[in-house]
Amino acid sequence: MGFIQLGSLSVILSDTLVSAFSTGCAIQVATSQLNSLFDIKVKDKEPIKGLPFKMVNDWIGIAKELPHTNLVTLGLSAFGIGLLIVVKEFIEPKIKKRFKTNIPFPIDIMLVIGFTIFSWLMNLHKNHNVGIMLDIPKG
């Protein structure tokens with residue numbers, strides 16, 4: 001809104017409206033990540049009659065594919081999410097207080113590097129069919 005000079009309009013938007021919009025965005029992002037979390041492939045198909053919302057169709061597709069979840073991927077994902085929560089909610093505030101700094105603890109990048117090395121050492125792609133990103137596009 002500030003970019004197109006509508007900053008004054010944001011004053012009249014209620015906190016409830018802004019909160020609801022943010023929550024909707026968070027649910028949309030979480031839904032888009034569920035395929036990777038469970039390591040399942042949801043087939044793109046025509047929307048089910050009577051369900052006009054794509055997200056509802058995505059949830060139905062994910063629910064149908066849940067029996068095909070790769071448990072190794074799910075376990076690693078759950079461990080990573082749990083570790084992120086513990087570090088960000090409990091450990092990072094103590095580190096910031098102890099060292100009197102506002103710099104965040106880099107657990108995010110440490111997890112990416114750690115899981116990449118662990119996946120490579122354990123050969124998870126071949127031994128447990130864990131999905132990996134082969135080519136990262138440039139640009």
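Visitor: Is K41 buried or exposed?
Guide: K41 is exposed, at 60% relative accessible area. Bear in mind that the model is predicted.
Visitor: What does the K41 side chain meet in a salt bridge?
Guide: Its partner is D39, at 3.7 Å from N to O.
Visitor: And D39, buried or exposed?
Guide: D39 counts as buried, because its relative accessibility is 16% and the cut-off for buried is under 20%.
Visitor: Why would such side chains pair at all?
Guide: Opposite charges can pair when the charged atoms come close.
Visitor: How many salt bridges are there?
Guide: The count is four.
Visitor: Switching to K88. Which residue does it bridge to?
Guide: K88 bridges to D108, with the closest N and O atoms 3.5 Å apart. K88 sits in helix α4 (residues 71-99) and D108 in helix α5 (residues 107-122), so this pair ties together parts 20 residues apart in sequence.
Visitor: How accessible are K88 and D108?
Guide: K88 is partly exposed at 27%. D108 is partly exposed too, at 41%.
Visitor: What about K96, which residue does its side chain meet?
Guide: K96 meets E92 in a salt bridge, 3.6 Å from N to O. K96 and E92 are four residues apart in helix α4, so about one helical turn separates them.
Visitor: Where do those two stand on burial?
Guide: E92 is buried at 9%. K96 is partly exposed at 23%.
Visitor: Which residues are linked in a network of salt bridges?
Guide: K88, E92, K96 and D108.

How values were computed
Residues are numbered from 1 along each chain as its sequence is written. This is a predicted model: local features need pLDDT of at least 70, side-chain atom pairs count only at pLDDT 80 or more; totals for chains, interfaces and linings use all residues. Side-chain values use heavy atoms; hydrogens and water are left out. Buried means under 20% relative accessible area, exposed over 50%, partly exposed in between (1.4 Å probe, protein chains only). Helices (H or I, at least four residues) and strands (E, at least two) are DSSP runs, numbered from the N terminus.
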